Amino acid sequence: MGDAGFMPELVGVLGASSKPPEAREMAGESLCALVTVPRNRKRFVQEDRDVARVLQLLGPDEEKEKPAPARRFLLSTVAHLTDSSSGRRKIMSSEHVRNLEKLAEADVPDAKRIVKRLGGSRLRSIFHGIWSL
């Protein structure tokens, strides 16, 4: 499914405010299921705009808040992306990573765990840089 190009389309459905909330929730659930497969995760991370768009969707929405189930699936998708080093790098280099940090500050458990994973990898890279000198 990932090779067929469905993941960018699912991200598009997630971001479409014209779609009913049920459709966006199903797209989030499908995307979350697809990125559990390492090959699909790698393909998803290769597309810069897909990772950035998912992080952007986690941000505050002026029109209306995202329903909790859709946000839960988005957070789960991002959590799966942090399983790979390339996924963590893409998330950290995204301009929308602040949305994730705001959710963690608002005591959303999944967001806190993701930020902890991202922060831990940064700490490891600092130690690696110091010890390799």
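**Close-up views of a predicted helical model**

**View 1. Packing of helix 1 on helix 2.** Helix 1 (residues 6-15) and helix 2 (residues 21-34) pack at an angle of about 145°, and their axes are 8 Å apart. Axes are lines fitted to C-alpha atoms over the stretch in contact, with angles from 0 to 180 degrees between N-to-C directions; helices are DSSP runs (H or I, at least four residues) numbered from the N terminus. From helix 1, Met 7, Leu 10, Val 11, Val 13 and Leu 14 meet residues of helix 2 including Ala 27 and Leu 31 (contact: heavy atoms within 4.5 Å). This is a predicted model: local features need pLDDT of at least 70 and side-chain atom pairs pLDDT 80 or more, while totals for chains, interfaces and linings use all residues. Residues are numbered from 1 along each chain, and side-chain values use heavy atoms, without hydrogens and water.

**View 2. Surroundings of Ile 91.** Leaving out residues up to four places away in sequence, Ile 91 touches Val 51, Leu 55, Val 78, Leu 81, Thr 82, Val 97, Leu 100 and Leu 118.

**View 3. Salt bridge between Arg 117 and Asp 83.** The closest N and O atoms of this salt bridge are 3.3 Å apart (cut-off: a side-chain nitrogen of Lys or Arg within 4 Å of a carboxyl oxygen of Asp or Glu). Arg 117 lies in helix 8 and Asp 83 in the loop between helix 5 and helix 6 (85-93), so the pair ties together parts 34 residues apart in sequence.

**View 4. Salt-bridge network at Arg 98.** Arg 98, Glu 101 and Glu 105 are linked in a network of salt bridges. The N to O distance is 3.2 Å for Arg 98 with Glu 101 and 3.3 Å for Arg 98 with Glu 105.

Methods
Helices (H or I, at least four residues) and strands (E, at least two) are DSSP runs, numbered from the N terminus.
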